[in-house]
Amino acid sequence: MKKKNVINLIRYYCEKNDSAFRNESYEIAKYFDKTGDYQISEYIMSLLSNVNTFVPQGETYDMTFFKRIDPSNSPLPLPEKIQKEIMGIINAISRNIGINKFLFEGDPGTGKTETVKQLARILDRDLYSVQFDVVIDSKLGQTSKNITSLFDEIKNLPHPEKSIILFDEIDTIALDRLNKNDIREMGRATSSILKELDNLNDNVVFIATTNLYKSFDKALIRRFDSIINFNDYSKDNLIEVAEVILNDFLKKFEIENKNIKLFKKILSCVDKLPYPGELKNIIKTSIAFSDINDENDYLKQLYLLLNDKKKIELKDLQVKGFTVREIETLTGISKSQVSRELRDDDE
């Protein structure tokens with residue numbers, strides 16, 4: 001936290017500028033969350049949200065169609081544009097003015113579900129995810145009845161103001177009702193969801209995710225207060241995400257060598273980087289399967305996985321702009337031998 005944050009807080013308080021005061025407070029909470037001081041961040045958010053922080057957490061309720069999901073403490077770096085939209089959601093929820101239905105759309109692995117888990121932690125709310133395998137029934141009309149019962153469970157939550165309801169991959173039961181390729185039962189299911197969303201308790205936060213936004217029923221889209229596109233990642237964004245993920249895993253695996261410069265260079269040489277979900281798995285696998293006696297081996301594993309190769313070719317590394325020293329680090333071959341082999345190849 002910088003000195004200007006403290007000065008701004010005092011100034012906004014003296015000016016009785018409540019909106020600016022709250023926004024500055026959210027920035028401070030965001031800072032503490034980013035630096036790992038989660039308890040301070042959550043405490044600030046709870047104060048701003050007028051939430052009773054002493055409401056017992058982890059309570060279990062008899063719910064047929066939901067399962068409780070633990071919030072996430074893993075780092076989740078997002079592009080600045082998406083970060084601002086998520087902060088907007090936090091602001092809207094904290095104001096308690098009935099803006100409570102949000103749709104996260106984007107390709108698999110873009111961080112939609114993980115962001116919901118982060119929101120549950122930041123907002124200090126219990127997170128419940130729909131079990132679609134229980135909702136969907138082969139009997140005619142039963143799925144719609146189950147949806148009604150599902151929303152009845154939401155209505156009966158003891159602490160709706162402490163809850164987030166997640167419809168992860170809502171397209172499982174809610175596609176375009178006019179789509180001739182969609183079975184009629186799913187059309188009825190979508191109509192049931194539309195009806196129930198109109199009567200949803202304003203204190204409950206409702207978040208849905210989808211990979212099939214273009215197939216969504218237009219009437220359903222209109223039910224959401226805000227729609228966030230999670231596909232908005234540039235290559236630089238993904239490299240920044242990868243660095244945060246790497247630092248987290250290196251800490252967990254107790255590996256001291258970071259060599260961030262070479263790590264970024266490996267990523268920058270890939271034509272199309274995968275989204276954060278897949279990127280996280282690749283980095284984790286690279287570290288987990290690396291030689292424990294070679295502190296640089298995870299970089300080699302990373303290069304092979306990202307380039308879908310079984311062997312590193314010296315010429316390929318040279319063409320991609322890696323220096324002789326970097327090639328030595330990735331291959332374990334001495335600089336003199338690397339220079340000799342590359343020279344021989346040129347001849």
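Trainee: Where is serine 290 found?
Mentor: In the loop between α12 (276-288) and α13 (297-306). Helices are DSSP runs of H or I with at least four residues, strands are runs of E with at least two, and both are numbered from the N terminus. This is a predicted model: local features need pLDDT of at least 70, side-chain atom pairs count only at pLDDT 80 or more, and totals for chains, interfaces and linings use all residues. Residues are numbered from 1 along each chain as its sequence is written, and side-chain values use heavy atoms, leaving out hydrogens and water.

Trainee: Why does serine 290 count as buried?
Mentor: Its relative accessibility is 12%. Buried means under 20% relative accessible area, exposed over 50%, and partly exposed in between (1.4 Å probe, protein chains only). Serine 290 therefore counts as buried.

Trainee: Which residues does serine 290 touch?
Mentor: Asp297, Tyr298 and Gln301, leaving aside residues up to four places away in sequence. A contact means heavy atoms within 4.5 Å.

Trainee: What makes tyrosine 128 buried?
Mentor: Its relative accessible area is 2%, so tyrosine 128 is buried too. Tyrosine 128 lies in strand β3 (residues 126-130). Between tyrosine 128 and isoleucine 154 there are 26 residues in sequence and 9.7 Å in space, C-alpha to C-alpha.

Trainee: Why is strand β2 called largely enclosed?
Mentor: Five of the five residues of β2 (residues 101-105) are buried, so the rest of the structure largely encloses this strand.

Trainee: Which residues of β2 cover each side?
Mentor: Lys101, Leu103 and Glu105 lie on one side, Phe102 and Phe104 on the other, and all are buried. In a regular strand, side chains alternate between the two faces of the sheet.

Trainee: How do you know that β2 is joined to β5, and by how many bridges?
Mentor: Five bridges join β2 to β5 (residues 205-210), and the two run parallel. Pairing needs at least two bridges found by DSSP, so the two strands pair. Lysine 101 stands opposite phenylalanine 206 in β5. Four bridges join β2 to β6 (residues 226-229), again parallel. There, leucine 103 stands opposite isoleucine 227.

Trainee: How do you know that helix α4 is close to its expected reach?
Mentor: Helix α4 (residues 80-95) has 16 residues and reaches 23 Å from first C-alpha to last, against 22 Å expected. The expected span is 1.5 Å times one less than the number of residues. Just after α4, asparagine 96 takes a positive phi of about 55°.

Trainee: Which residues line the largest cavity?
Mentor: Phe151, Ile154, Lys155, Glu196, Asn199, Leu200 and Asn201. Helix α7 (residues 142-155) gives the most, with three residues. The volume is about 40 Å³.

Conventions: 1 Å grid on protein atoms, 1.4 Å probe; cavity = no way out; pocket = protein on both sides within 12 Å on 5 of 7 lines; lining within 4 Å. Points joined across faces, edges and corners; volume = space filled by probe spheres on them.
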